Amino acid sequence: MTAGIVVLTVAMFLALLAPSAWLTVTRKRTLAGPPPAPGEPELLEVAYLRGGPARVVDTAVARMCEDGRVSVNSTGKLKVERASADNAVERALLARCGPDWGTALYRLRVSLQFDAAVDGVRSSLVNRGLLISAAAQQRWRRAADVQVGGLVVGGVIALGLLGMPATLPVALVALVVLAGGVKLRMTHGPQETKPGFTRHGREFTDRIGTAGPWSVRTSAEHPEGVAGVVAVHDTIAPEPDQPYLHQLRLAIRTRPRTNSPARTSKSAKSAKSSSSSSSSSTSCSSSSGYSCSSTSSCSSGSHHSGHSSHSSCSSHSSCSSSSSSCGGGSSCSS
C-alpha cells in the first residue's frame, strides 16, 4: 500500500510539472524565432505587420492610385491606366482589373486578401523572423494540449489522495501546484490572434508606428508617401486627404452580398412548397372536371320525370359550387 502511494505521488508530480516545463520552453523558443534576417521590411511587409492582409491590399491600391497606374471613380469602380506592377501583389491586383470601369473596389479588397501573393508577404515575414511559422505555432499548441492533459491527470490523483489522512499534506501541495499550472496555461498558452508575432516582430511593429520617419502622418514627409502612411496608420491617417482614400474607406465599410445557407434553404423550401401547391391545384381542377361530367350525365336523365329533373338541377347546382372553388365553374355551367 505504501509503495503504491509513492508511485501515485511521483506520477502526480510528474504529470503536473513536466508538461508545464515543456510548455514554458516551447513558448520561449517559439517567440524567439529564428535570428532576424538583415535589412528592414519592405512597404507591403510593414503593412502586413501593422494590419494583416487587408492593410496589404489597401496599401497596394493607394500606391498604384498615387502614381497613376490605377484610377478610382466616384462610384468606387477601378480602371487600369498603366499596366505596370512592381511586385506579386500588384500583379494580382492588375489581373482583377481592366481598362474600363468594371471592377468594384470593395469586391477587389475582399478577393485579393486571399490571393497567394498576399500569403507570400506573410511567408517573407516568417523568413525574416518577424512572424511565427505555422509549424512552430503547431508545436506550441501541442505542448499546451499536453500540459492540460497533465493537469487533469495530476488533479485526479491529488483528489484521490485527499481521502487518505497520511497523504493529505502531499495532496494539498499538489493542488497548489495544479493552480499554478492553470495560471501558466492562461499566460503561456499559444497565441490565437493573427499574425502571431515573434518577440522581434512585435518590437519592430510597435516601434515603427511611434518613432522614426515611418511614424509620420503627413504623406509629403513620409519616405513612402501616401502608401507608406496607409501601411502604418490605415486609410484615415494620410494628410492631405485624397479622393481614392475616401473610396477606400467606403469600400472597407461595404460588405459583398453572399447567399447564406439558411436563406438558400428557405428559398428551396419555398420553391418546393410552390411546386406542391401548383400540383395540388392541377389535381383539383382535374377532379372538378370529372365531377361536372358526372352531373351532366345525371342531367341527361331529366326526361323521366319533372321531379327527377328538379332534383338533378339541385345536384347540378351543388356541383357548380364545388367546381367554382376548384376553378372549374365554366365546365359545370355548360
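The model is predicted. The chain has 334 residues, of which 37% count as buried, and contains 13 helices and three strands. Among contacts with a separation of 6 or more, 64% join residues 24 or more positions apart. The chain exposes about 18600 Å², and carbon and sulfur atoms supply 57% of that area.

**Packing of H2 with H4**

- Helix H2 spans residues 43-66 and helix H4 spans residues 105-112; their axes come within 9 Å and cross at roughly 130 degrees.
- On the H2 side the contact is made by Ala54, Val57, Asp58 and Val61, and on the H4 side by Leu105, Leu108, Arg109 and Leu112.
- Sorted by class, the residues joining H2 and H4 are six nonpolar and two charged, with no polar residue.

**Packing of H2 with H5**

- H2 also packs with H5, at an angle of about 145 degrees and with the axes 10 Å apart.
- The crossing of H2 and H5 is left-handed.
- H2 contributes Leu44, Glu45, Tyr48, Leu49, Pro53 and Val56 to this contact, and these meet Val118, Val121, Arg122, Ser124 and Leu125 of H5.
- The contact of H2 with H5 comprises eight nonpolar residues, one polar residue and two charged residues.

**Packing of H3 with H5**

- Helix H3 (residues 88-95) packs with helix H5 (residues 116-127) at an angle of about 165 degrees, and their axes are 8 Å apart.
- H3 and H5 are therefore roughly antiparallel to each other, because angles over 145 degrees fall in that class.
- H3 and H5 cross in a left-handed sense.
- From H3, the residues Ala88, Val89 and Ala92 meet Ala117, Val118 and Val121 of H5.
- The contact of H3 with H5 has six nonpolar residues and neither polar nor charged ones.

**Glutamine 113, between H4 and H5**

- Glutamine 113 lies in the loop between H4 and H5.
- Its relative accessible area is 19%, so glutamine 113 is buried, the cut-off for that class being under 20%.
- Apart from neighbours within four places in sequence, glutamine 113 is in contact with Pro53, Ala54, Val57 and Val118.
- Two of these partners, Ala54 and Val57, also belong to the contact of H2 with H4, while Pro53 and Val118 take part in the contact of H2 with H5.

**Helix H9 and its cover**

- Helix H9, residues 225-233, is mostly covered, with nine of its nine residues buried.
- The buried residues of H9 are Gly225, Val226, Ala227, Gly228, Val229, Val230, Ala231, Val232 and His233.
- Among the elements that cover them are H2, helix H8 (199-208) and helix H10 (243-253).

**The loop between H9 and H10**

- Aspartate 234 is in the loop between H9 and H10, and its position is just after H9.
- This aspartate 234 has a positive phi of about 85 degrees although it is not a glycine.
- Aspartate 234 counts as partly exposed because its relative accessibility is 24%, a value between the cut-offs of 20% for buried and 50% for exposed.
- Proline 240 is found in the loop between H9 and H10 as well.
- The peptide bond that leads from glutamate 239 to proline 240 is cis, with omega near -5 degrees.

**Valine 170 in H7**

- Valine 170 belongs to helix H7, which covers residues 168-188.
- With a relative accessibility of 29%, valine 170 counts as partly exposed.
- When neighbours within four places in sequence are left aside, valine 170 is in contact with Thr9, Met12 and Phe13.
- The C-alpha atoms of valine 170 and alanine 158 are separated by 8.1 Å, and the two residues are 12 residues apart along the chain.

Note on methods. Residues are numbered from 1 along each chain as its sequence is written. This is a predicted model: local features need pLDDT of at least 70, side-chain atom pairs count only at pLDDT 80 or more; totals for chains, interfaces and linings use all residues. Side-chain values use heavy atoms; hydrogens and water are left out. Axes are lines fitted to C-alpha atoms, for helices over the stretch in contact, and angles run from 0 to 180 degrees between N-to-C directions. Helices (H or I, at least four residues) and strands (E, at least two) are DSSP runs, numbered from the N terminus. Contact means heavy atoms within 4.5 Å. Ala, Val, Leu, Ile, Met, Phe, Trp, Tyr, Cys and Pro count as nonpolar, Asp, Glu, Lys and Arg as charged, and the others, Gly among them, as polar. Buried means under 20% relative accessible area, exposed over 50%, partly exposed in between (1.4 Å probe, protein chains only). Accessible areas come from the Shrake-Rupley method with a 1.4 Å probe; for residues, only the protein chains shown count as cover. Angles under 35 degrees count as roughly parallel, over 145 as roughly antiparallel, 65 to 115 as roughly perpendicular and the rest as oblique. A crossing is left-handed if the near helix is turned anticlockwise from the far one by less than a right angle, and right-handed if clockwise.
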